[in-house]
Amino acid sequence: MKSFIVFALIVAAVAAAPQRGPDADAQVLRYDAENIGVDGYKYSYETSNGIKSEEQAQLNNAGTDNEAISVRGSYSYTGPDGVVYTVVYIADENGFQPQGAHLPQVA
């Protein structure tokens with residue numbers, strides 16, 4: 001019984017180990033950030049494996065009961081099928097609203 005538990009722990013440890021894949025050695029090629037603060041921010045980055053992201057946010061109605069942050073951004077990556085997928089989004093008081101050619105459209 002003890003050997004079974006030890007064997008199960010070894011299998012669990014191996015399964016939980018970080019996997020090496022094509023993205024494991026990706027490097028950050030570009031990173032820009034500005035205006036990081038309580039009233040908003042803006043950042044963008046690009047990695048050597050083709051991932052790109054940019055986002056900016058601003059605080060709306062500061063100091064009121066309707067105070068909310070509004071975020072706009074996009075990201076893109078190359079899928080396992082070799083296709084570049086791009087998502088453009090807004091996140092605000094109406095929730096997260098993504099758009100992309102590969103995403104289902106809500107009528």
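**An aromatic cluster on an antiparallel sheet**

Ring pairs link Tyr75, Tyr77, Tyr85, Tyr89 and Phe96 into a cluster. Rings of Phe, Tyr and Trp (its six-membered ring) pair if their centres lie within 6.5 Å. Planes under 30 degrees apart count as stacked, over 60 as edge-to-face and the rest as tilted. The model is predicted: local features need pLDDT of at least 70, side-chain atom pairs count only at pLDDT 80 or more, and totals for chains, interfaces and linings use all residues. Residues are numbered from 1 along each chain as its sequence is written, and side-chain values use heavy atoms, with hydrogens and water left out.

Confidence was examined next. The predictor's confidence in each residue is given as pLDDT, from 0 to 100. The protein chain has an average pLDDT of 84. A score of at least 70 is reached by 81% of the residues. Confidence is lowest in helix α1 (residues 2-16), with a mean of 55. It is highest in β5, at 95. Where pLDDT is low, the predicted coordinates should not be read in detail.

The protein chain contains one helix and six strands. Helices (H or I, at least four residues) and strands (E, at least two) are DSSP runs, numbered from the N terminus. Read from the N terminus, the order of elements is α-β-β-β-β-β-β. Buried residues account for 16% of the 107 residues in the chain. Here, buried means under 20% relative accessible area, exposed over 50%, and partly exposed in between (1.4 Å probe, protein chains only). The accessible surface of the chain is about 8400 Å². Carbon and sulfur atoms contribute 57% of this surface. Accessible areas come from the Shrake-Rupley method with a 1.4 Å probe; for residues, only the protein chains shown count as cover.

The six strands form an open sheet. Their order is β1-β2-β3-β4-β5-β6, and the pairing is antiparallel. The edge strands are β1 (28-37) and β6 (95-99), each of which pairs on one side only. From one strand to the next, the twist averages 10°. Axes are lines fitted to C-alpha atoms, for helices over the stretch in contact, and angles run from 0 to 180 degrees between N-to-C directions. Two strands pair if DSSP finds at least two bridges between them. Strands of a sheet pair through backbone hydrogen bonds, either parallel or antiparallel.

Strands β4 (residues 68-78) and β5 (residues 84-92) pair in the antiparallel sense over eight bridges. Thr78 stands opposite Val84 in β5. A hairpin of two residues joins β5 to β6. Ala91 stands opposite Phe96 in β6. Val88 has Gln99 in β6 as its bridge partner.

Aromatic pairs were then searched for. The whole structure holds six of them. In one, the ring centres of Tyr75 and Tyr89 are 6.2 Å apart and the planes lie at 50°, so the pair is tilted. Tyr75 lies in strand β4 and Tyr89 in strand β5, so this pair ties together parts that are 14 residues apart in sequence. Tyr75 is partly exposed, at 32% relative accessibility. Tyr89 is buried, with a relative accessible area of 8%. Tyr89 also forms a tilted aromatic pair with Phe96, at 5.5 Å centre to centre and 45° between the planes.

Thr47 lies in strand β2 (residues 40-47). Thr47 is buried, because its relative accessible area is 12%. Leaving aside neighbours within four places in sequence, Thr47 is in contact with Gln27, Val28 and Leu29. Contact means heavy atoms within 4.5 Å. Lys52 is found in strand β3 (residues 52-60). With 41% relative accessibility, Lys52 counts as partly exposed. Beyond its neighbours within four places in sequence, Lys52 is in contact with Tyr45, Glu46, Ser74, Tyr75 and Ser76. Lys52 and Tyr77 are 25 residues apart in sequence, yet 6.7 Å apart in space, C-alpha to C-alpha. Across the chain, residues 24 or more positions apart account for 10% of the contacts with a separation of 6 or more.
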